Structure formats: structure tokens, C-alpha cells
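Here are my notes on the model you sent.

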Amino acid sequence: MSLIAGSYERFIWGFKLKPLTYDPSSQSLSLTQLFSYPSHIAPITTVAAAGPAAASGSSDDTIHIYDLSSAASLGPLHHFSSSITSLYFYSPPNLSFPRNLLSAAADGSISIFDTEPFVLLKSFRSHKKGINDLAVHPSGKLALSVSRDGCLAMSNLIRGKRSFCCRLGKEATIVKFEGSGERFFMVSEEKIGVHLAEDARLLFELENEKRVLCAAPGESGILFIGGERRSITAWDTNSGKVAYCIKDAHSSRVKGIVVLTKDSGVDDDPYLVASASSDGFIRVWDVRMAIKGKPNPLAEANTKSRLTCLAGSSLKSSKRPQIGKSAPKKEQNVAEV
């Protein structure tokens, strides 16, 4: 399992989560640093990872691509005229290497890249103002985005254009699909709306004490959230109640959460969650211990920088990511994902 984090100081951090053969401090896992260097000339705003590929976006209007298997930077993608606000790798269930990389930008545009190699397939305007977050349906055929224009938009990824847009009562900052794709979650300040994906109908709202800054869907309807409260809260979105909470997980805001999947190669991995904070720490937790009381982290790393985002990759692939030499024409249709 690899973790990648971005920071306000322009640094990208890569870590490998490994089991320990000998552990004098009773922790069973360790975070081994893979790389760390200033990959951008402005703060890193978003990161994504899948298989051996990772990507970071910044307010310097570029995306950088990384090969996690060799801990190497493959260089930047220069196709943008505004800050990158969200990144997402789409990996079909039967593939160990991501099929597409999607990016959202501060000018309201969404770009779709092929990943073999990384070349631009399509770029289109989905919002009038900057996009806050982007979520791709498990089918890979559509995406949801929320923006500073106060709208929720649905984009057809096969045709590469916006197909639906509705104005929200309040600006949303986060949107996430659950694993099955039957529902999605939308965050506005301290409130989380649980919606039916078929017609975007609001099922119910979850209310937190403070503003939510990150969210990650887990298994069995669990949604992990973090934010200004400095804790990691697990909401049961089936009952609308808090399942458990890791209080004071960090000394500052929680800026990123990653749920470790069954394919990560770590024992009991469905119970592991990683978190990153602006206090500089990346921590890995066994959430089963949260039911018994406040757990101690199984592993942690101190980057000594103000972390802004976190992503994780558990897929194993023999392929190596590479950047294409040229992009296809803009009028080319998006390949079916």
C-alpha cells in the first residue's frame, strides 16, 4: 500500500505501508518514505493514486505524474490555464492499472486523460466558476462535480460534455460516490447530504459539530469524515448515526482520509484508515479499536510540513506509467471507459 500526500510548501511526499517483522513499540505497521521533493512552484491542492500511478495538482496550473514503483517523477502535464482543484483516477474493476485520469480546475473545466500513455482526450467547461470537487461513478460513464457557482453538475464522460446542472441552496465543497454507485454524498460546511444517485433525491442529512474538510466512503455504508474538529468520524449512512469516532486524531485540521481496501496486501486491511493533517503527521489507524476507546496509531510519519491532501494506492500492476509525447486533437471524442 502506497500513500501520497501534498503540502502547502509545494512538497510531494510518498510512503510505503509495510508490516514490521520486529516491533518494540507494539505497532504492527511502518510508513517507509519513498520520496519527498518540491514538485510544484505553488501549494499542492490535490493528489490521486491508483496502481503504480500517482498525480498531484497545484495552483501553479500543472499536473505532475509519478511512478510509485520506481519512486520517480515523470514530469508535468501542461494543458491548463488555471489552478487544479481535484484529481481522480478511474480504474475498471477488472484492471490493475488506471484507465483514465480526470482533473477539475478553477476555471470550471474538466479534463479527461488517457493513461497509456498520459495524453489529453477531451477538455470541456462544466461550471461557470471554479470546481471544488469531482467524483466519478464506478461505471466510469459519468461524473458529478460541485463548484463555487453553487451548482451540482453531471457530466457524460463518454461524450465529454455536461449533461445536467442544478443550483444548490448552498455551495458544496465535497462530493463522493459510495462503492456501489447507488448513492452519493455531498458536503456543505458542517452538513453532509446523502443522495440517491438515480435522481439526486436527498435521503437525509448528517450534521457535524464543525466544518468537514475531507471524506472517504468505506464498506457497509460507512462514511469517514475529517475536518476542523481534528477527529475522524465514521458515519453509518444507513442509520444516519455515528458508528464510532477517533477523537483528537491530530492536533490540527484533518485534511485527507484514505480507506485501505481489501487489495492492499496488509492483514486485516478493511479495518485500516489513513489520515493526514496540517500538523504534518500521516497516521494509520485500526478503526476497530475506536469502538473500545481512543486507539493509538499503528504507524505514523511526521513530514514537518502543512499537509493539504492525501491519496492511497493498493493495486499491483506490472505496467509502468508514462507521459505521451503529443496530445490528440481537441475534437476527438473520449474513448469509452
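1. Which side chain does Glu9 meet in a salt bridge? The partner is Arg306, at 2.9 Å from N to O. This is a predicted model, so the distance is a computed one. Glu9 sits in the loop between β1 and β2, and Arg306 in the loop between β27 and β28, so the pair ties together parts that are 297 residues apart in sequence. Glu9 is partly exposed, with a relative accessible area of 26%. Arg306 is partly exposed too, at 43%.

2. The search of the whole structure gives 10 salt bridges. One of them joins Glu300 and Arg283, with the closest N and O atoms 2.8 Å apart. Glu300 belongs to strand β27 and Arg283 to strand β26, so this bridge connects parts 17 residues apart in sequence. Arg283 is buried, because its relative accessible area is 14% and the limit is under 20%. Glu300, at 36%, is partly exposed.

3. Arg283 has a second contact to check. It lies over the face of Phe281, at 4.5 Å from the ring centre. Arg288 lies over the face of Tyr271, at 4.3 Å from the ring centre.

4. Two further salt-bridge items. Arg201 pairs with Asp199, the closest N and O atoms being 3.7 Å apart. Arg201 is partly exposed at 44%, and Asp199 is partly exposed at 48%.

5. The largest nonpolar core has 20 residues. Leu3, Leu17, Leu31, Ile282, Val284 and Leu310 touch the most other members. At least two residues of this core come from each of β1 (2–7), β2 (11–19), β3 (29–38), β25 (272–277), β26 (281–286), β27 (299–302) and β28 (307–313). Another core, of 16 residues, lies apart from it; Ile246, Val254, Val259 and Trp285 are among its members.

6. Aromatic pairs number 9. Trp13 and Phe15 are stacked, at 6.4 Å centre to centre and 5° between the planes. Both ends can be checked for burial. Trp13 is buried at 10% relative accessible area, and Phe15 is buried at 3%. Phe80 and Phe113 form a tilted pair, at 6.0 Å centre to centre and 55° between the planes. That pair links distant parts of the chain: Phe80 is in the loop between β7 and β8 (84–90), while Phe113 is in strand β10 (residues 109–115), 33 residues apart. Phe80 and Phe113 are both buried. Phe11, Trp13 and Phe15 make up one aromatic cluster.

7. Strand β6 (residues 63–67) is joined to β7 by 5 bridges. Within this pairing, Ile63 stands opposite Leu77 in β7.

8. Last, a hairpin. Strands β16 (residues 174–177) and β17 (residues 183–188) pair in the antiparallel sense over 4 bridges. Lys176 has Phe185 in β17 as its bridge partner. The hairpin has 5 residues between its strands. Gly181, in the turn, has a positive phi of about 80°.

Key. Residues numbered from 1 in each chain as written. Predicted model: local features only at pLDDT ≥ 70, side-chain atom pairs only at ≥ 80, totals over all residues. Heavy atoms only, no water. Core = buried A, V, L, I, M, F, W, Y, C linked by side-chain atoms within 4.5 Å. Buried < 20%, exposed > 50% of the residue type's maximum accessible area, 1.4 Å probe, protein only. Pairing = 2+ DSSP bridges. Phe/Tyr/Trp six-rings, centres within 6.5 Å; stacked < 30°, edge-to-face > 60°. Lys NZ or Arg CZ within 6 Å of the ring centre and 35° of its normal. Salt bridge = Lys/Arg side-chain N within 4 Å of Asp/Glu carboxyl O.
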